[in-house]
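Let's take a look at this protein together. We'll begin with its surface and then work through its build.

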Amino acid sequence: MADTIRFDDKVVVVTGAGNGLGRTYALQLAQRGAKVVVNDLGGSTDGKGDDRSAASRVVEEIRAAGGEATANFDSVATQAGGANIIKTALDAYGRVDAVIANAGILRDRSFSKLSQEELDIILDVHLRGTMFTVQPAFNWMRENGGGNIVMTASPSGLFGAFGQANYCAAKLGIVGMMRVMAIEGAKAGIKVNALAPTAATRLTATAGMSGEATEPKTPEEDPMSTGRVSPLVLALAHQSCPASGEIFNAGCGWISRAVVAVNEGVLLDDFSPEGVAAQWDAIRDPSRLTVPVDATDYWRMIQAKTGATG
């Protein structure tokens with residue numbers, strides 16, 4: 001039996017915590033002893049407007065249950081906003097032990113019709129917004145004994161989805177950022193992982209997936225419950241988490257790891273397009289996959305296969 005996961009005396013920042021997945025994370029973290037910074041701008045699902053009531057309601061719920069929480073209403077989409085989210089945690093509680101970068105919006109459009117504005121706002125909230133929030137926390141953790149960072153990717157970002165070129169680009173960019181942060185934070189005791197969640201929220205309702213229930217349902221009642229994703233998130237945010245630099249999927253109670261892998265491939269002796277075309281089957285063969293640790297490890301694989309130096 002695993003030890004009980006507790007967050008007593010720990011401070012956790014959750015962005016986009018006014019609704020959906022973020023709200024569930026915040027409530028469950030507080031139930032397990034965490035002091036929670038509940039961030040939410042309170043905008044609509046497409047990023048318009050603001051409303052302080054969303055974050056305030058979650059803070060009230062936490063406090064009513066005997067927990068500790070502080071609201072923050074900054075937008076993650078600006079560097080000043082991201083910095084102030086972390087400053088809120090430091091001012092209120094003096095430390096940051098974990099950050100769950102969860103805030104997000106949607107602006108779906110088929111690629112041929114995608115505008116620069118629709119690209120920019122998604123990159124601002126998801127990719128830049130993740131960086132703006134986690135960078136000041138990362139820097140604080142590096143000087144203060146480490147911590148845990150959970151960044152939100154998406155099955156769409158990993159596998160693709162019609163009408164979500166902007167969203168997918170941002171989410172896969174988060175995966176690349178996560179990999180670098182895990183490498184650079186390892187010596188300082190910082191663990192960074194990415195989560196690709198599937199659950200019923202306001203965003204999935206706008207995307208045509210199962211909508212968010214008007215009355216919250218338990219994980220036992222609803223396969224798409226946010227409560228079937230949150231156990232993984234809390235485990236990733238806890239100091240006992242063994243993983244760093246990894247991508248995890250969670251949906252309907254099924255948890256898995258996703259990897260960027262390299263197959264056996266082929267070693268060309270005919271250096272022409274025809275030489276490639278003759279070996280498409282072997283080049284595309286998904287069997288016998290290897291997961292490189294980082295780009296240097298991938299270069300070592302090339303050297304081992306080809307004898308190349310440099």
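About 15600 Å² of the protein is accessible surface, and 53% of that belongs to carbon and sulfur atoms. Such areas come from the Shrake-Rupley method with a 1.4 Å probe.

A quick word on the model: it is predicted, so local features need pLDDT of at least 70 and side-chain atom pairs count only at pLDDT 80 or more, while totals for chains, interfaces and linings use all residues. Residues are numbered from 1 along each chain as its sequence is written, and side-chain values use heavy atoms, with hydrogens and water left out.

Ile 183 sits in helix H6, residues 165–185, and counts as partly exposed because its relative accessibility is 48%.

What about contacts, meaning heavy atoms within 4.5 Å? Among those with a separation of 6 or more, 68% join residues 24 or more positions apart.

The domain assignment, which is automatic or from a database, gives these two parts:

| Domain | Residues |
|---|---|
| domain 1 | 11–258 |
| domain 2 | 261–310 |

Their C-alpha centres lie 36 Å apart. The C-alpha atoms of the whole protein fill a box of roughly 70 × 45 × 40 Å, taken along the principal axes.

How values were computed. Contact = heavy atoms within 4.5 Å. Helix = DSSP H or I, 4+ residues; strand = E, 2+ residues; numbered from the N terminus. Buried < 20%, exposed > 50% of the residue type's maximum accessible area, 1.4 Å probe, protein only.
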